[in-house]
Amino acid sequence: MYAAVLGRRADPSARQKPQSPERQPHISMHAPVPPAPADGWVLWHTRQLRVADHPAVAYIRRQGGRCWPIFIADPRFCEHGRTSAARLRFLFESLADLQTQYADRGGRLSILPGDPRRILPRLAAAGWQIA
């Protein structure tokens, strides 16, 4: 479920079902039970919503260990009219693409709703290294 080797793509025949062209990308928000943090990294995606040339992905790959890729859906992002519908649509499309990138590599992106100022310290206290 979690990407052990971020640079390698999974066997395409192992994917469950290809997405039909008429189907819109789906983003699932969930608060999963994280894997045990032994030698684990949390890869917190903020603005760089890609895998192939992400500097933190390369760093984690060099360090070894497990990786739990996350995006934190901060409710403050949508407050006070700061975000247009077009910007939100772009974010959702980018997250759906990022989920596909991880699925192609045998992993899964977790989208956690909440405030990063509360979530990240809890993950660090649980033994995760944050990248």
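Student: Which elements are included in what covers the buried residues of helix 2?

Tutor: This is a predicted model: local features need pLDDT of at least 70, side-chain atom pairs count only at pLDDT 80 or more, and totals for chains, interfaces and linings use all residues. Residues are numbered from 1 along each chain as its sequence is written, and side-chain values use heavy atoms, without hydrogens and water. Helices (H or I, at least four residues) and strands (E, at least two) are DSSP runs numbered from the N terminus; buried means under 20% relative accessible area, exposed over 50%, partly exposed in between (1.4 Å probe, protein chains only); contact means heavy atoms within 4.5 Å. The cover includes strand 1 (40-45), helix 1 (55-63), strand 2 (66-73) and strand 3 (110-113).

Student: Which side chain does the side chain of serine 110 join in a polar contact?

Tutor: Serine 110 is in strand 3, and it counts as buried because its relative accessibility is 2%. A polar contact is a pair of N or O atoms within 3.5 Å; within protein, one must be able to donate a hydrogen and the other to accept it, and residues adjacent in sequence count only if both atoms are side-chain atoms. At 2.9 Å, the partner is tryptophan 68.

Student: What kind of pair do the rings of tryptophan 41 and tyrosine 59 make?

Tutor: Rings of Phe, Tyr and Trp (its six-membered ring) pair if their centres lie within 6.5 Å; planes under 30 degrees apart count as stacked, over 60 as edge-to-face and the rest as tilted. The whole structure has two aromatic pairs. Here the centres are 5.4 Å apart and the planes at 90 degrees, so the pair is edge-to-face.
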